[in-house]
Amino acid sequence: MKIYHSATSPFVRKCLVAAHELGLRDRIDLVPAAAHPVDRDRNLVAVNPLGQVPALVTDEGAVIHDSRVICEYLNALADGELIPADGDARWGVLVEQSLADGITDAALLTRYETAVRPEALRWAEWIAGQLDKVACGLADLERRAPAFGDRVDVGTIAFACALGYLDFRFASLAWRDRHPNAAAWFEWFGGRDSMVATRPPSA
Ligand SMILES: N[C@@H](CCC(=O)N[C@@H](CS)C(=O)NCC(=O)O)C(=O)O
């Protein structure tokens, strides 16, 4: 199978970390894509009309997106345990993934606002709103982190990729200063082989 890919995408990273953890990484080829909300990569759009990475093409030729569905697919393929099958554990992990992806989404939209949108069109209050989503999401993560233990699932993977993205693009936020529980947990999780192998290029 193959994944349309950008080495700096936190959502691609989430899928590749999941693939590593499931022992599937060797079965995935990476197809470079230039996902961009304005200069849309037409080769990518032909696969995923949203023009976003990650998009996975299975060995049978089916297209699967977005990152949440890809993680679900990979977990099923490997008969893995990254997503609990049912019960409270399932909803808990899926909500954590939703929260973590929301942090990443808000950070990514802030990045687009500052790196893509022309300066004259930028809206400071909108950026502040997105960064407040990041801050509120981190506060929730900080409350949850002490209970993570050694869990490796789509919830914790998504949180780790969110924090990795903040380190990569928003180092000046210095999120560790106000979130010692999350920092201690990420010190361990970020050292996993799956996280090290998927670090963005200049991180
Ligand atoms: N909900 C999607 C979000 C994916 C996403 O935002 N990918 C970014 C790169 S990190 C992208 O393709 N941006 C281009 C665009 O939004 O047009 C997922 O979980 O996969």
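## Salt bridges between the domains

Four salt bridges are found across the interface of domain 1 and domain 2, a salt bridge being a side-chain nitrogen of Lys or Arg within 4 Å of a carboxyl oxygen of Asp or Glu. Arginine 90 pairs with glutamate 72 in a salt bridge, with 3.8 Å between the closest N and O atoms.

This is a predicted model, in which local features need pLDDT of at least 70, side-chain atom pairs count only at pLDDT 80 or more, and totals for chains, interfaces and linings use all residues. Residues are numbered from 1 along each chain as its sequence is written, and side-chain values use heavy atoms, with hydrogens and water left out.

## Where the domains lie

Domain 1 covers 2-77 and domain 2 covers 87-197, with bounds that come from an automatic or database domain assignment. Their centres, taken over C-alpha atoms, are 20 Å apart. To the contact (heavy atoms within 4.5 Å), domain 1 gives 16 residues and domain 2 gives 22 residues.

## How much is buried

How much area do domain 1 and domain 2 bury between them? The value is about 1,700 Å², with 64% of it on carbon and sulfur atoms. Buried area here is the accessible area (1.4 Å probe) that two parts lose on being put together, summed over both.
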